[in-house]
Amino acid sequence: VYAEAARFRGISLYRMGQASQAAGYLQESLARYERLGEAQSCARLQMELGLAYRATGNTAAARRAYELALAEWRREDNLHSQANVLNSLGVLHHAQGEFEAAIRSLEDGLDAARRGGLAWQQALLLASLGDVYLDLDAFASAGQAYERAAGIASQVSYQFLSNYIGLARARLARLRGQPGEARRRLDEARASIQANLSNYESG
């Protein structure tokens with residue numbers, strides 16, 4: 001119970017923007033779960049620690065935490081968690097300019113999501129792939145990835161991701177020299193966000 005309480009406190013602090021304090025509580029929770037021998041809980045904590053480490057700029061620790069979580073979930077054949085951590089790992093590689101590693105991680109995650117029938121995670125991974133291709137100026141590949149992601153997100157009513165993809169496609173149109181298309185995408189995204197009444201998305 002104490003281990004889980006420390007975990008929830010860490011998650012709460014992370015979501016409040018206090019990543020350094022969050023990492024301390026998550027490390028404490030991890031240590032307790034390790035003593036209890038609960039491998040699944042340890043893997044979950046490694047994933048959450050990865051997020052906190054990345055938020056503090058400690059990318060090496062974040063990568064190590066993600067890789068430890070991934071190793072356990074591969075051992076357990078947990079496709080849902082594999083897809084989740086591979087997306088985070090791919091985004092981390094992308095942020096570090098490691099484009100080939102990012103694409104490998106995201107494609108591996110997409111494979112896990114497909115095998116697990118995890119539609120919303122497929123959409124998320126495709127959107128992340130689109131972001132990588134966009135930064136590589138591979139505009140056609142980016143457009144295809146966003147289109148596939150948008151189709152799935154719409155089917156599963158993943159509104160936040162649909163809005164994100166709309167904004168990403170606006171950026172793609174701008175980079176392609178299509179200001180009219182960019183404006184149309186922005187107007188669509190604005191209308192969707194305003195209709196959703198989400199303070200976070202409106203911000």
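**Helices, burial and salt bridges**

Q: In which helix do R183 and D187 both lie?
A: R183 and D187 are 4 residues apart, about one turn of the helix. Helices here are DSSP runs of H or I with at least four residues, numbered from the N terminus. The helix that holds both R183 and D187 is α10.

Q: At what pLDDT do side-chain atom pairs count in this predicted model?
A: Residues are numbered from 1 along each chain as its sequence is written, and side-chain values use heavy atoms, with hydrogens and water left out. The model is predicted: local features need pLDDT of at least 70, totals for chains, interfaces and linings use all residues, and side-chain atom pairs count only at pLDDT 80 or more.

Q: How far apart are the closest N and O atoms of R183 and D187?
A: Side chains of opposite charge can pair when their charged atoms come close. R183 and D187 form a salt bridge (a side-chain nitrogen of Lys or Arg within 4 Å of a carboxyl oxygen of Asp or Glu). R183 is partly exposed at 47% relative accessibility, and D187 is partly exposed at 32%. The closest N and O atoms of R183 and D187 are separated by 3.8 Å.

Q: What distance separates the end C-alpha atoms of helix α10?
A: Helix α10 covers residues 179-196, which is 18 residues. The expected span is 1.5 Å times one less than the number of residues, and for α10 this gives 26 Å. The model agrees, since the end C-alpha atoms of α10 are separated by 26 Å.

Q: Within what arc do the buried residues of α10 fall?
A: The buried residues of α10 are A182, R185, A189 and I193 (buried means under 20% relative accessible area, exposed over 50%, partly exposed in between, with a 1.4 Å probe and protein chains only). Seen down the axis of α10, these residues line one face of the helix, because their arc is 65°.

Q: Which residues of α10 are exposed on the other side?
A: The cover over the buried residues of α10 includes α9 (159-175) and α11 (199-202). On the other side of α10, the exposed residues are G180, Q194 and A195.

Q: How many of the 17 residues of α7 are buried?
A: Helix α7 (residues 119-135) reaches 25 Å from its first C-alpha to its last, close to the 24 Å expected. Helix α7 is largely enclosed by the rest of the structure, because its count of buried residues is 13.

Q: Which residues are in contact with S29, leaving aside its neighbours within four places in sequence?
A: S29 is found in helix α2 (residues 19-36). S29 is buried, with a relative accessible area of 0%. Contact means heavy atoms within 4.5 Å. With those neighbours left aside, S29 is in contact with A3, A6, R7 and L45.

Q: How many salt bridges does a search of the whole structure find?
A: R75 and E76 form one of the salt bridges, at 4.0 Å from N to O. R75 is exposed at 60% relative accessibility, whereas E76 is partly exposed at 24%. E4, R7, R44 and E48 are linked in a network of salt bridges. For the whole structure, the number of salt bridges found is 15.

Key. Helices (H or I, at least four residues) and strands (E, at least two) are DSSP runs, numbered from the N terminus. The arc is that of the directions from the helix axis to the C-beta atoms.
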